[in-house]
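Subject: Structure handover

Hello,

Here is the structure for your files. Please open it alongside this message.

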Amino acid sequence: MSGARVNAELGANDMDITNSSRHHSENLPYVHKVGVPPKQNLVKEFTSALKETFFSDDPFKPFKDQTKSKKVVLGLQALFPILNWGRDYNLSKFRGDLIAGLTIASLCIPQDIGYAKLANLDAQFGLYSSFVPPLIYAFMGSSRDIAIGPVAVVSLLLGTLLQNEIDPVHNKLEYQRLAFTATFFAGITQVTLGVFRLGFLIDFLSHAAIVGFMAGAAITIALQQLKGLLGIRKFTKKTDIVSVMHSVFGSIHHGWNWQTIVIGVSFLVFLLLAKYINRFLAFSFDLDLLLPPQGKRNKKYFWVPAIAPLISVIISTFFVYITHAERHNVQIVNHIKQGINPSSLDKIYFSGEYLAKGFRIGVVAGMIALTEAVAIGRTFAAMKDYQVDGNKEMVALGTMNVVGSMTSCYVATGSFSRSAVNFMAGCNTAVSNIVMSIVVLLTLLVLTPLFKYTPNAILASIIISAVVGLIDIDAVILIWKIDKFDFIACMGAFFGVVFVSVEIGLLVAVSISFAKILLQVTRPRTAILGNIPRTTVYRNTLQYPEAMKVPGVLIVRVDSAIYFSNSNYIKERILRWLADEEEQLKEHKEPEIQYLIVEMSPVTDMDTSGIHALEELYRSLQKRDIQLVLANPGQVVIDKLHASHFANLIGEDKIFLTVADAVLTCAPKVEQA
């Protein structure tokens, strides 16, 4: 009988070990032990971490178990997505792409001429940049809706940075060469980010900072257009609002031209009305006005704001031509060079003092262009429920800018206004970009002489009406409601651009974004937990005031990984929580704290400094006769706790699967004490 009893006890012990459980008392329910993960091979662990960091989307999955010929085909389709979707292309899809392509072409031609002037380049360079880059993107891009070409913000940024190095008037050729050099390096930057899968770097510029930067850039661009809108000839080269307004009002008596103002303001009003006329038309004619979605109503009249800029150019050009308004000091475009893009490979600075300057400007412009294009691509992809590969987009955008720099183009990217029109016009694929490109080509070959009498005021009006949409008031209000620190980032970027310069605004945006990351990393949140009545759930007592604290036990949750940057703060914050709690208990003459339970569910990782901080916390608690207990450490954390022997230091019986298990084990001891 005694042998059977021993065997039974051994069997029970074996089962206890097998099930990873422990029983502290016959009266206590089952408490599951925290599992220790099997030791991983170092190479395998490193490979796994590398794969998750750079290849989280598993891009090589389609290539598995394929023949060599099939892998070649898949590789080409990955590099040129047109080879994939082109197989299913048909006449029905082409009809939608044709209409969309013609529509965005009518919008892009006048915009391109204006944006080129914003970059301090001749008008034809804007048209060049809507011919070659869209063709390249159509073959390599993964977005079906994005419309490629020059955009206002990048044009302003490029123009501002370039003119700080070279005067665009007195050194025109050198300025153009530096523009091509910057475009080349913008493309190289984008391709590099895509090839090495470093696209996550653009995420360091937060959404709030982008909203503020775009709004500030829109104000700055609009202010710059006052020169053309008012007919001012001598205008400041600075972009800050104080300098611009001083220049505007300083020339009010001798610099303003009333004929130019009449033309510019009249067509600006027309363009702004056209921009929102679809809403009025929908209100007048749509019987289902009260029914969602609103986008359906507006989509019916998408062509009105799309065609308005071209109509404005045609009417104003004809008006100036028949009245010879240029003789009354109305400034006109004059000459746009006719013909296809000339080669500019020999004009790129590959050596000399301007190489480094071109590289610096190109990296900045390339990153901003990339941020805008990826955001636009993802927005419309979500609306149509398909996936856009961010890394492929970077390679496509970079390649088109590298090729563009060799064909007299400056930095091109996705345009939100044109992409929105492209989407509403019913585009199905990137063929709409090809259609637009062909129309721009015909314009360069045949129609450029017709723009000779186009007034600069109309280009200013087109740009102002286009950038108005970059000011997103609703987004700013939402940012204020959600996160005040995000609002500071938004306003910092906005005021930096408006009151200082575009590059300072960008620097402020990046700095505040990094400051927020550093603040969140170095000062993570911690919380005191209490028990929700009639449950075994423990939650933040500030969020749930009804949550009850456990007598003799303090439960603290750490809401962050514990690294060298925050480990000392977390240790000190926990001790401060403990000191405050002990002070309150002493005032109310309640039992002292005997157990400190640290809830570690949110702690995703821990480094050496984190382990040392826990050791110091343990020693500090030992001096106060308080036991340190850990609850629910994750796989990575528990592995490091065992590797550092910290688990042995505090005792494996002090590490629990849940806070409820820890309290269940500790609370009876508190009562007994």
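Predicted model: local features only at pLDDT ≥ 70, side-chain atom pairs only at ≥ 80, totals over all residues.

Domains
The chain is split into two parts, each built from more than one stretch of sequence or listed as such: domain 1 takes in 19-39 + 523-672, and domain 2 takes in 90-286 + 295-332 + 342-518. Between the C-alpha centres of domain 1 and domain 2 there are 55 Å.

Helix H23
Helix H23 runs over residues 502-522. With 21 residues at 1.5 Å a residue, H23 should span 30 Å, and the distance between its end C-alpha atoms is 30 Å, so the two values agree.

Which residues of H23 are buried? They are Val502, Gly505, Leu506, Ala509, Ile512, Ser513 and Lys516. Because these residues cover an arc of only 130 degrees around the axis, they sit on the same side of H23. Leu507 and Leu518, on the other side of H23, are exposed.

The relative accessible area of Gly159 is 1%, and a residue counts as buried under 20%, so Gly159 is buried. Apart from neighbours within four places in sequence, Gly159 is in contact with Leu118, Ala119, Asn120 and Tyr175. Gly159 and Ile376 are 217 residues apart along the chain, and their C-alpha atoms are separated by 23 Å.

Two asparagines with positive phi
Most residues other than glycine have a negative phi. Asn120, one of the contacts of Gly159, has a positive phi of about 65 degrees although it is not a glycine. Where is Asn120 found? It lies in the loop that links helix H5 (91-118) and helix H6 (123-128). Asn120 is partly exposed, at a relative accessible area of 29%.

With a relative accessible area of 46%, Asn329 is partly exposed.

Regards

Conventions. Residues numbered from 1 in each chain as written. Heavy atoms only, no water. Domains from an automatic or database assignment. Helix = DSSP H or I, 4+ residues; strand = E, 2+ residues; numbered from the N terminus. Expected span 1.5 Å × (residues − 1). Buried < 20%, exposed > 50% of the residue type's maximum accessible area, 1.4 Å probe, protein only. Arc of directions from axis to C-beta. Contact = heavy atoms within 4.5 Å.
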